[in-house]
Amino acid sequence: MPTILYESWILQVVDLNKKLTSCSLKATINQCKHFLLRSVTTKGGNNMAKATSYQKDLIESLKDPCEAAAYVNAAIEEGDRAALLLALRNVAEANGGMAAVAEKANLSRESLYRMLSKKGNPEIKSLITLLHTMGLRMSVEAEPHTCTSA
């Protein structure tokens, strides 16, 4: 379960030193809201129902490319390859499922499953193609502490 990602979302909301775009701030708040509401409303209830409802809400919210971008960026911030691959699997699910995304990306379904598996190690070219297929793109930013003001 992507609990690690939600800890990251919460840290992003609390950390006032980070510069969040309005898009990622919206996604951060929405993701925290989904997580917190599910935790409260199902407290003491069936954990499977909690996980299923959480997953459905997550996939629904990831249909918005802005939300999906913020979600993947939070996974990248974790610095954990498995968290990133899980985030990409969830975004693929939100974009019609693995078979549909694989077809759009001109990959076999099996290759996409392998690429995004827990032990997956996607090549940069495949990752860029996958992101583009899902309406996302890769970019690089300088660490805030390394930027000098003019």
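Just after H8, Gly135 takes a positive phi of about 80 degrees. Helices here are DSSP runs of H or I with at least four residues, numbered from the N terminus. This is a predicted model, in which local features need pLDDT of at least 70, side-chain atom pairs count only at pLDDT 80 or more, and totals for chains, interfaces and linings use all residues. Residues are numbered from 1 along each chain as its sequence is written, and side-chain values use heavy atoms, with hydrogens and water left out.

**Helix H8**

- Ser126, Leu127, Leu130, Leu131 and Thr133 of H8 are buried (under 20% relative accessible area; exposed is over 50% and partly exposed in between, with a 1.4 Å probe and protein chains only).
- Viewed down the axis of H8, these buried residues fall within an arc of 160 degrees, so they line one face of the helix. The arc is that of the directions from the helix axis to the C-beta atoms.
- Ile124, Lys125 and His132 are exposed on the other side of H8.
- H5, H6 and H7 are among the elements that cover the buried residues of H8.

**The nonpolar core**

- A nonpolar core is a set of buried Ala, Val, Leu, Ile, Met, Phe, Trp, Tyr and Cys residues joined through side-chain atoms within 4.5 Å.
- The largest one has 25 residues, and Leu62, Leu88, Val91, Leu112, Leu116, Leu130 and Met134 touch the most other members.
- Two or more residues each come from H3 (47–61), H4 (65–78), H5 (81–94), H6 (98–104), H7 (109–115) and H8 (124–133).
- H5 gives the most, with six residues.
- Beyond its neighbours within four places in sequence, Leu116 is in contact with Leu85, Leu88, Arg89, Met98 and Leu130. Contact means heavy atoms within 4.5 Å.

**H4 against H5**

- H4 and H5 pack at an angle of about 165 degrees, and their axes are 8 Å apart.
- The two helices H4 and H5 are therefore roughly antiparallel (an angle over 145 degrees).
- Ala68, Tyr71, Val72, Ala75, Ile76 and Glu78 of H4 make the contact with Ala83, Leu84, Ala87, Leu88, Asn90 and Val91 of H5.

**The loop between H6 and H7**

- Asn106 lies in this loop, between H6 and H7.
- Phi of Asn106 is near 55 degrees, a positive value in a residue other than glycine.
- Most residues other than glycine have a negative phi.
- Asn106 counts as exposed, at 71% relative accessibility.

Methods: Axes are lines fitted to C-alpha atoms, for helices over the stretch in contact, and angles run from 0 to 180 degrees between N-to-C directions. Angles under 35 degrees count as roughly parallel, over 145 as roughly antiparallel, 65 to 115 as roughly perpendicular and the rest as oblique.
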